[in-house]
Amino acid sequence: MENIKIISKIIKNSGIEQTFGVVGVPITNVVYQMQKDGLPFYGFRNEQAASYAASIVGYLTRKPALCFTVSGPGLIHALPGAINAQANSFPLVVMSSSPNPADLNKGSFQECPQFAAAVPCFKTCYYPPTIEQFATYFIRAVRESVSGRPGPVYIQVPSVLMQGTAQINDANKSLIENIDTYGIIEYDEIPRPVPQRGQIEEALQMLISRAKRPLIIGGKGAAYSGAEKELRRLVDATKIPFLPSPMGKGIVSDEDEYSVASARSVALKRADYILVLGARLNWMFGYGVNGFASDVKFIVVDIFAEHQSHIPANSLFLLGDIRATLEEMNSVCETAFKAAVHNGSGQDRQSWMKELTDKAGANASSLKKQMEEPQQDGQQLTYHQVYNVLARHIPKNAPFVNEGANTMDIGRVCIQHTDPRCRLDCGSLSTMGVGVGYAIAASAVYNNKRTVYAVQGDSAFGFSGMEIEVAVRYRQPILFIIINNNGIYEGLDTIQDHSPTAIPPTALTPKIRYDVMMQSFGGQGHSVSTTDQLQDILSKLPRNKQTNEIQLEDPVLINVFIKPSSVLPKILNAAH
Ligand SMILES: Cc1ncc(C[n+]2csc(CCOP(=O)(O)OP(=O)(O)O)c2C)c(N)n1
Ligand SMILES: [Mg+2]
């Protein structure tokens with residue numbers, strides 16, 4: 001049996017449903033075989049975006065996707081996706097060819113120290129020498145990617161193995177004879193650890209009986225674990241306000257009465273007990289110190305055991321899957337703590353909730369004012385004016401990709417989400433360049449049926465801008481909105497002096513027509529510079545007859561020119 005058939009079958013049997021990459025010798029034939037076996041393959045222009053795309057499939061579906069690369073530079077280009085997946089705990093499998101071991105250190109085709117380069121970027125790296133070991137390791141790699149703390153795994157396959165044919169022998173007999181079922185993974189059986197009952201009771205004791213101003217923070221770990229129903233039950237039972245991390249938005253709807261997303265600073269500063277569900281107390285949350293009360297007590301639930309050593313020393317740490325832990329918490333609430341929960345725990349929570357909702361209301365109305373500020377004749381657009389128009393057209397439960405600096409920070413506040421795993425942004429590493437890959441992948445996950453919205457800064461878009469050709473080729477319904485301020489945070493209206501000592505490092509070429517770039521690939525592109533023009537284009541896009549929501553059949557790109565020097569982000573020094 002040809003090894004490519006075995007490789008393709010094993011990928012299929014592992015449950016992987018989406019594959020991404022850039023082909024070349026020797027992987028092209030494997031990809032042809034994968035397609036014959038019914039595996040979708042999205043061919044990218046650069047492995048970097050392909051690896052980002054594959055990683056976000058893992059987040060959205062709890063199953064890894066495959067990023068498949070050629071040897072040496074092919075794999076090296078995919079490492080950013082692995083690093084990003086590692087930091088954000090996304091499951092991912094990267095597979096690469098490599099030169100034949102017999103030709104190493106002789107300058108063989110695309111030879112470089114690729115395995116050594118991969119080691120620090122992945123949870124585990126495999127290098128199977130035989131086809132039967134490939135099968136065993138591949139399945140192991142897939143399982144590892146979703147077990148414990150999810151993350152990226154690497155499997156390196158020598159060219160000779162990809163090009164060979166397996167003669168049946170004692171070692172590979174069972175694999176070849178059972179090739180149709182070999183290594184099938186039951187994803188539901190991947191363990192979801194739960195903390196000890198005593199710890200759960202202690203956590204609830206703090207939150208229900210001791211806390212005067214409790215708060216729940218939910219992050220993408222909670223979203224990944226699919227904890228939304230259990231979280232809903234806990235919030236309803238305990239009436240504790242909820243604050244999402246950026247990608248945690250929508251685990252509890254932003255419109256929910258207990259969501260205090262609009263009162264973030266006050267909620268963090270005033271809370272006395274904080275339950276942290278699948279969010280890192282990292283730079284985004286002041287390391288659990290800056291911006292918090294000095295005597296705040298954290299109860300951190302996380303699948304990542306090592307996270308315990310990163311959080312403030314007096315915290316209670318519960319090692320567990322968020323959904324499984326919340327199931328336990330809810331059942332304890334409904335038994336042991338029933339009376340306390342029912343009586344509102346004896347603590348005056350109403351004044352705490354009122355403090356937060358008052359603040360949220362005040363913040364929301366000042367945001368509304370900023371967003372609804374009419375554009376005067378001859379004035380350039382602001383971010384808020386653009387988002388005000390977009391918010392009217394982007395459904396709150398739609399897949400939404402958001403990257404950039406101001407573009408992302410302001411988008412997080414202006415765009416509301418009612419459903420979990422809608423918001424996909426630069427994540428824990430603040431990685432620019434993920435957006436186009438994420439949008440392509442999100443579209444793939446929804447079988448290219450749901451319109452995906454990608455709102456990107458012009459710089460962020462530029463990291464992977466060429467990949468919009470992929471979206472055109474596969475006819476993906478993605479609405480790309482480029483918020484174009486001619487630069488990174490801020491740009492210039494025109495460049496007078498083109499010397500490298502004169503152009504500000506934040507500036508890009510003014511007035512770039514990203515829409516024309518889209519048109520050159522065969523997609524639809526528009527440039528706008530007023531709210532009326534933007535509104536007009538959006539209202540002319542095809543709509544679903546029942547829901548009246550935008551329903552694209554092909555990608556569309558709208559290049560929105562805004563004021564080049566808009567706002568410098570407040571957290572510039574800390575975060576970027
Ligand atoms: C991989 C990577 N390279 C560089 C940066 C530094 N950086 C932070 S934000 C940003 C781009 C911001 O510009 P843009 O996307 O146009 O958004 P704007 O703030 O202008 O709206 C860059 C390059 C980064 N975060 N990640
Ligand atoms: Mg910009």
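**View 1. Ile10 lies within helix α1 (residues 3-13).** Helices (H or I, at least four residues) and strands (E, at least two) are DSSP runs, numbered from the N terminus. This is a predicted model, in which local features need pLDDT of at least 70 and side-chain atom pairs count only at pLDDT 80 or more, whereas totals for chains, interfaces and linings use all residues. Residues are numbered from 1 along each chain as its sequence is written, chains are lettered from A and ligands numbered from 1 in the order in which they are written, and side-chain values use heavy atoms, with hydrogens and water left out. With a relative accessible area of 0%, Ile10 is buried (buried means under 20% relative accessible area, exposed over 50%, partly exposed in between; 1.4 Å probe, protein chains only). Not counting residues up to four places away in sequence, Ile10 touches Phe134, Ala135, Phe138, Ile139, Leu175, Ile179 and Tyr182, contact meaning heavy atoms within 4.5 Å. The C-alpha atoms of Ile10 and Asp180 are separated by 8.4 Å, although these residues are 170 apart along the chain.

**View 2. Six strands form an open sheet with parallel pairing, in the order β2-β1-β3-β4-β6-β5.** Two strands pair if DSSP finds at least two bridges between them. The edge strands, β2 (41-43) and β5 (124-126), each pair on one side only. Strands β4 (residues 92-98) and β6 (residues 152-158) pair in the parallel sense over 7 bridges. In this pairing, Val94 stands opposite Tyr154 in β6. Helix α6 (residues 131-146) packs on the sheet and touches β3, β4, β5 and β6.

**View 3. The largest nonpolar core comprises 151 residues.** Such a core is a set of buried Ala, Val, Leu, Ile, Met, Phe, Trp, Tyr and Cys residues joined through side-chain atoms within 4.5 Å. Phe20, Phe44, Met95, Phe134, Phe138 and Phe480 touch the most other members. Leaving aside neighbours within four places in sequence, the contacts of Phe20 include Phe41, Tyr42, Leu66 and Ala441. Another core, of 30 residues, lies apart from the largest one; Val389, Ile410, Val455 and Ile481 are among its members.

**View 4. Asp458 (OD), Asn485 (OD1) and Gly487 (O) coordinate the magnesium ion (ligand 2) at 2.0 Å.** Donors are N, O and S atoms within 2.8 Å of the metal (3.2 Å for Na, K and Ca); water is not among the atoms, so sites may look incomplete. Asp458 belongs to helix α19 (residues 458-462), whereas Asn485, 27 residues apart from it, is in the loop between β15 (478-484) and β16 (487-488). Asp458 counts as buried at 2% relative accessibility, and Asn485 counts as buried at 1%.

Conventions:
Axes fitted to C-alpha atoms, helices over the stretch in contact; angles between N-to-C directions.
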